[in-house]
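Biologist: Let us go through this model together. I will ask, and you reply briefly.

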Amino acid sequence: MSARRRVVVTGLGVVSPLGHGVEALWRGLAAGRSAVGPIRRFDASGYPTRIAAESPEPERPEAIADRLWHAASRIERFAFVAASAALADADLAPGAWRGGDERLGLALAAGLGSFSHREVFAPCAAAISQSADFDEERFAAAFARECGPRIAERRSPGNLAARLADELALAGPLLAVDTACAAGTQALGDAARWIRRGLAEAVVAVASDSQLAPLGLASFCLLRVLSTRNDDPARASRPFAAGRDGFVMGEGAGALVLEALESAARRGAPIYAEIAGFGSACDAYRVTDPHPDGLGAALAMQRALADAGVEPAAVGYINAHGTSTPANDRLETRAIHRVFAATAKPPVSSTKSMIGHLTVAAGAVEAIATIGMLREQRLHPTRNLDEGDPDCDLDYVPHVARPASFELALSNSFGFGGQCASLVLRRWNG
Amino acid sequence: MPASPLIAPDRRRVVVTGVGLVTTLGGSCEEIRSRLAAGEVAASRPVTGAPGLRLATIAGFEARPHFRQPKALKLTDRKTQLAVAAAALAVADAGLTEEVSRDDWAIVLGCSASDLQCAELARALGPLDPAAPERAVDDLPFFAERLLGGLNPLWLLINLPNMVGAHVGIQLASHGPNHTLTGDWIAGTQALGEAWLAIAGGEREVALAGGADAPLDPFDLGALATRHTTAGGAPFLVAEGAAVWVLEEREHARQRGARTLGEIRGYASTAAIGGDLSGALQRAARGALGGADEPWDEHPATTRAEIHRRLGHALAASGPIDGALLLAEWAAVEGAESAAAGLLLAVGTLGQCAALALAGPGRP
Amino acid sequence: MNPTREELRQKIVLLVADALDRDVAQVSPQASLIDDLGAESIDFLDLQFRIESDFGFKFTDEELWRGSFDPTDPRWVAGGRLTAAAVEQVRRRQPDFAWERFAAGIAVADLPRLLTVDTIVDHLERRWAQDHGAPAG
């Protein structure tokens, strides 16, 4: 343990449904405010779910060239804003090192490519416009018309990682990772590993997503995982409550600058928190059903605690994945019981009760939420927990924020495919 | 930020004990090598609307025998099927029988992108009024009605890139860390590198790592076509394929008496800053070589160009395929105790690079 | 033109066998989709999609999977468990029913485990009658 480099957080950047910036997120969460409302970005009247947590339009950061910004998708813009803000917050904004600093890396969580509705569906419609058979020539012609020269780049999230690293002059290690809705947490674990192993002094870990588009919304509706409580948006996301009927889609990005402690100390950089440990696991059970005993989720938490070298009893709070789907919340509860079988169960709350599920970006934004709670020594609540579910029997900090005295927090993220990731964050007393 | 020397990590050694290949020119290094030696070129077809491209697919590939739970097949796209097959072949090649616990393996796979399945999307949109097909795009309530009524509800689960790693984990019942890298063309090489880090750093004893890609969707081909327009030369041969390596901590491999195909000695991946590809390549190579004070041969670029011209470029899978062939080449020339060493380099669409330092099993 | 029950059944057997990756011979009309044929939650989405595509029906989210018993009907469900009348009906309709799986009685949460090819066929017949005004042949 003593030989291991310690990894701390020295910069934060976020675009969330509660507004621009970290302060807006922390204030909104502490107040238990819901960011869920009717979908306004496009006409969702034909969908069974017509509510979501939309993020405000991002504004171009100085570090990003105007031309690139204009051609960028929503996922790309969110990522640019969050990553630039985190880097500036850490006082590592580019410019100081023209040509790139190879001690600074970038780890991006991003799942799907960044395409507009027209780019995908104009060619698809053209392909079947004249007959039921898919006409490859019409598809190709419409594709050439609709999709600009950056389409090959936008096809892969790996290129968004490369683009971000280029714009921010991060010439160190590079990675784009997808573990579905666990990816935001996974990217933090991968970034911390690089620093521990000496591959980088600091890494910008960024996770960005927006599936709030006609295809994205349809694909989640088809899986019947979204709440349809359209008449009561602010109360639709109700993790761990009886009568919960699915998650609410959110969108946004979170970015954290992780840095070697000695580098931060040398620079005199203010420290938000320590990344004390990380663990991940695969349920290896089914693609959407979680393991009936929460096996992967429990393994991820146990591995994160072991990585941090701490006992479960030392954990003062768990930021749950807490999606508000019937299965997730029941099995996450079961997994927490498994990990904390021999000790008091720490309080648990769900950020998603207020900002919905930011899919790939969720883990990063929730890590930022958890850091805020560690700093303020106050737990944000789980909103809308009116009526309890007998299968969800932990202390979920219902309704209102609660003062707490704690040093260590776990943050959980799980994804389709049985992907489970968990992060241990330690309060920084500096 | 003041300069600071990188801390030399206390690294364990990581050997390659098995390789699984599914390619247009065969399913083992021996077969691919002999077919390349015989001058064979993968069968390919032209790509509609893309004169600069040809597409090579794997004839007669059967995914079913490689799936322990064949019901999962309906949730997989082609690249995931190739990955599951390559993983099963790699495990067998490494002699890892069911008696060896696979509960704790790391699984790190790379692919270039998600799978939009445009033919499925188009089928769901139809039938359309030939005079006004755009209604399906612009009239969103109409669009929603068509998609919600006609699209396979499993579409998203097939589309998600992380399913490449997840399905390999499910089929092998491995509960270790499991992730899929989406790093464009360099993802497979990055996956080998990140898995190497996990073992070298003491987190895991065994990892399955590599890449899989099958850019067969018209959307993928359209995107690739924008980068490969004809300029009088031969068309770019894009291929489907997968390669998965079994990586093991050296003592772990020794204790179970495993045969060693080679060793990974270093890794780095980095972006091109300001369009400086050669700077990125140099940084990646330097990073992968780490503190190596021995001479390293560059991976013979001409040989790889020849592989890509004949077997096809399998995008994210190409690094792991080429690397496996390189290890086999050393073994063929110098025997099973080859002391050769070389760098495997991969470059992505924006000039991002990944470099892997490889050595023969006889390298001290 | 209405399909007979046997025709409906044959079609559903094929769809179920395909969706759950089973041999047709394994898909007996009274096999539990979950306990005998290994269906999981997404398989029900998949099956519903296949049945809708094949028959041109649209089902609401629950109707196809409500099975034989409406959990809100006091004749069939009381205190969260199937009533004696409901159990009697299962006994009559499914002579080979695997009672040993439900030693403690059948709870509401167990209802999906009672779904079979025949419960799908029952519902299709009801829908056919509703939509076409005449009972299936």
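Modeller: Start with a term: two strands pair if DSSP finds at least two bridges between them. Helices (H or I, at least four residues) and strands (E, at least two) are DSSP runs, numbered from the N terminus. This is a predicted model, where local features need pLDDT of at least 70, side-chain atom pairs count only at pLDDT 80 or more, and totals for chains, interfaces and linings use all residues. Residues are numbered from 1 along each chain as its sequence is written, while chains are lettered from A and ligands numbered from 1 in the order in which they are written.

Biologist: How many bridges join E6(B) to strand E8 of chain B?

Modeller: E8 covers residues 241–249 and runs antiparallel to E6(B). The number of bridges between E6(B) and E8(B) is 8.

Biologist: Which residue of strand E4 of chain B stands opposite B:Gly210?

Modeller: E4 (residues 106–110) of chain B runs parallel to E6(B), and 5 bridges join the two. The residue opposite B:Gly210 is B:Leu109.

Biologist: How many residues of strand E6 of chain B are buried?

Modeller: A residue is buried if 20 or more other C-beta atoms lie within 10 Å of its own, exposed if 12 or fewer, and partly exposed in between, with C-beta atoms placed from the backbone. B:Val206, B:Leu208, B:Gly210 and B:Ala212 point one way, B:Ala207, B:Ala209, B:Gly211 and B:Asp213 the other, and all are buried. For E6(B), residues 206–213, the count is 8 of 8.

Biologist: What covers the buried residues of helix H5 of chain A?

Modeller: H5(A) spans residues 136–146, and its buried residues are A:Arg138, A:Phe139, A:Ala140, A:Ala142 and A:Phe143. The cover includes helix H4 (117–127) of chain A, plus strand E3 (50–56) and helix H9 (218–227) of chain B.

Biologist: Are H8(A) and H14(A) roughly parallel or roughly perpendicular?

Modeller: The axes of H8 (residues 183–196) and H14 (residues 362–376) of chain A come within 5 Å and cross at roughly 70 degrees. Axes are lines fitted to C-alpha atoms, for helices over the stretch in contact, and angles run from 0 to 180 degrees between N-to-C directions. Angles under 35 degrees count as roughly parallel, over 145 as roughly antiparallel, 65 to 115 as roughly perpendicular and the rest as oblique. H8(A) and H14(A) are therefore roughly perpendicular.

Biologist: How many residues of chain A are in contact with chain C?

Modeller: Two residues are in contact if their C-beta atoms, placed from the backbone, lie within 7 Å. Chain C brings 5 residues to this contact, and chain A brings 6.

Biologist: What is the radius of gyration of chain A?

Modeller: Chain A has 14 helices and 15 strands. The radius is taken over C-alpha atoms, and the globule rule is 2.2 Å times the number of residues to the power 0.38. That rule gives 22 Å for 430 residues, so chain A is as compact as a globular protein of that length, with a radius of gyration of 21 Å.
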